[in-house]
Amino acid sequence: MFSIARRNIAVRLSRAVLSRSISALLLFAALRGPAFAQEPTSSHALAVTPLSELLTEAEKNNPQIAAARHGSEAAKQVPTQVSTRPDPQFTLQHFSVGSPRPFAGYTNSDFAYIGLGVSQDIPYPGKLRLKGEIAKREADVSQQQIESVRRSVLAELKAAYFQLAYLSKTVAILEQDGELLKQVRQAADARYRSGMGTQQDLLQAQLQQTKLLREIAMHHLQEGKLEAQIKQLLNRPQDSPDIEPTDLVETPLVQTYAELLAAAEVQNPEIASAKKVIEKQSLEVDLARKDFYPDFNVQYMWQRNDPTQFRAYYMLSVGVRVPIYRGRKQRPELAQAKAEKLRAGSELQAQSQQVAAELRAEYVLAQQTSELLKMHREGLSPLSRSEFQAALATYQSNKQDFRALLAAFLDVLRLDEEYWQNVAEYETAIARLEQITGLSLR
């Protein structure tokens with residue numbers, strides 16, 4: 001009888017300790033905020049910002065895009081400079097006879113004079129034009145770099161936005177699934193109070209509820225990082241109001257891989273830039289051939305001495321720069337230009353292959369993710385929730401252990417998170433396809 005009494009006292013003490021533990025955990029959950037409440041949280045009170053508005057803002061304010069534009073504007077000023085003839089050179093001469101004094105011998109010697117002259121360097125015909133064309137191709141490359149930077153920034157913004165939307169949606173899912181877990185805890189508590197359940201079942205339910213709180217806190221941390229990244233891309237102050245994304249929606253992809261590849265070959269800035277480099281190097285080869293021909297210099301001089309006694313002198317000079325060191329300069333220059341042209345051709349081929357590979361990878365990712373989303377919608381998610389409801393009813397009727405019920409709940413939670421993560425990955429793949437092809441797919 002004494003041992004039975006001791007066992008009854010121990011059970012009552014255990015229940016009292018468990019009750020206090022549950023109360024403490026519930027108090028912790030309350031202090032952390034209404035994580036499982038149905039009413040909107042403070043973050044959801046923000047005005048929803050469509051992605052299109054952020055893209056327009058990024059194109060206008062992003063400093064990387066602005067820097068690329070300024071660089072292109074600077075490159076556009078070069079062709080006129082390099083295709084203009086050298087400035088003429090004006091000369092003033094004074095020649096004295098018999099003494100270094102100014103105008104010595106000016107009245108008594110026809111060698112003493114004051115002269116005015118002008119000289120002009122004249123490159124071989126076609127050289128300046130080629131230099132201007134080369135500079136234009138470089139400006140075209142800079143223009144393509146603007147588009148490349150613009151697409152890269154917008155794709156990064158889209159990826160961050162979709163990830164932020166995923167986290168926002170997941171937080172709401174965790175709050176909703178927290179209500180399911182509340183039912184699990186209530187069922188475990190009811191069985192424990194009736195003497196058919198164990199203390200471990202109730203503690204496991206409460207532990208899982210605390211894990212959900214921790215996961216919500218981690219999602220809020222990731223949201224903060226993404227908010228900082230988006231504000232940086234938008235060139236907004238970091239203390240500006242946070243951005244609330246719209247709901248994730250799967251964008252249908254109707255284009256085939258062949259259609260996307262054809263668009264990329266025409267509109268991809270990296271490929272277009274590589275083609276401009278080939279054109280530039282072809283002009284460099286032509287210019288190197290032109291360097292085998294001479295350049296010219298024309299000089300005209302007017303010389304004046306005492307006009308009362310002597311006549312003026314007029315002198316025209318023509319100079320020619322003869323490229324006599326061809327083996328040491330012009331031929332290596334031409335060989336270098338030809339090698340650079342071959343290198344540019346290989347780089348174009350490599351760039352085309354890289355674009356095709358990246359496009360194929362993103363296209364396959366989008367297709368496979370779309371199939372996964374269909375499986376989630378039509379099978380996995382509805383079945384998991386049905387399984388959970390059946391497991392809950394079976395557990396409440398004392399026909400199933402707690403581990404099976406908890407496993408059914410964790411399946412619901414995992415599949416819900418996976419679904420929206422796949423939506424975010426799918427939309428990010430669509431954004432990458434837009435970046436590669438230049439098409440608007442949404």
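Trainee: At its relative accessibility, does Arg-137 count as buried or exposed?

Mentor: The model is predicted, so local features need pLDDT of at least 70 and side-chain atom pairs count only at pLDDT 80 or more, whereas totals for chains, interfaces and linings use all residues. Residues are numbered from 1 along each chain as its sequence is written, and side-chain values use heavy atoms, with hydrogens and water left out. The classes are set by relative accessible area, where buried means under 20%, exposed means over 50% and partly exposed lies in between, with a 1.4 Å probe and protein chains only. Arg-137, at 18% relative accessibility, therefore counts as buried. In the protein as a whole, 39% of the 442 residues are buried.

Trainee: Which residue forms a salt bridge with Arg-137, and how far apart are the closest N and O atoms?

Mentor: Side chains of opposite charge can pair when their charged atoms come close. The criterion used here for a salt bridge is a side-chain nitrogen of Lys or Arg within 4 Å of a carboxyl oxygen of Asp or Glu. The partner of Arg-137 is Glu-133, with the closest N and O atoms 3.1 Å apart. Both residues lie in helix 5, four residues apart, about one turn of the helix; helices here are DSSP runs of H or I with at least four residues, strands are E runs of at least two, and both are numbered from the N terminus.

Trainee: How many salt bridges does the structure hold, and what does Arg-414 pair with?

Mentor: The structure holds 24 salt bridges. In one of them Arg-414 pairs with Glu-418, the closest N and O atoms being 3.3 Å apart; the two residues lie four residues apart in helix 10, again about one turn of the helix. Arg-414 is partly exposed at a relative accessible area of 41%, and Glu-418, at 30% relative accessibility, is partly exposed as well.

Trainee: In what order do the strands form the sheet?

Mentor: Strands of a sheet pair through backbone hydrogen bonds, either parallel or antiparallel. Two strands are taken as paired if DSSP finds at least two bridges between them. Here four strands form an open sheet in the order 1-2-3-4, and the pairing is antiparallel. Strand 1 (89–95) and strand 4 (313–321) are the edge strands, each pairing on one side only.

Trainee: How many bridges join strand 3 to strand 4?

Mentor: Nine bridges join strand 3 to strand 4, and Val-298 has Val-318 in strand 4 as its bridge partner. Strand 1 pairs with strand 2 (residues 113–122) over seven bridges, and Leu-92 has Leu-116 in strand 2 as its bridge partner. Strand 2 pairs with strand 3 (residues 295–304) over nine bridges, with Gln-299 in strand 3 as the bridge partner of Ser-119.

Trainee: Where is the place of Thr-107?

Mentor: Thr-107 sits in the loop between strand 1 and strand 2 and is partly exposed, with a relative accessible area of 45%. The C-alpha atoms of Thr-107 and Gln-309 are separated by 7.4 Å, although these residues are 202 residues apart along the chain.

Trainee: What volume does the largest pocket have, and how many residues line the largest pocket?

Mentor: Grid points are joined across faces, edges and corners, and a volume is the space filled by probe spheres set on the points. The largest pocket has a volume of about 410 Å³. Its lining has 24 residues, of which Leu-51, Leu-55, Lys-158, Glu-434 and Arg-442 lie nearest the centre. Helix 2 (51–61), helix 5 (127–193) and helix 10 (402–437) are the elements that give two or more residues to this lining, and helix 5 gives the most, with eight residues.

Note on methods: 1 Å grid on protein atoms, 1.4 Å probe; cavity = no way out; pocket = protein on both sides within 12 Å on 5 of 7 lines; lining within 4 Å.
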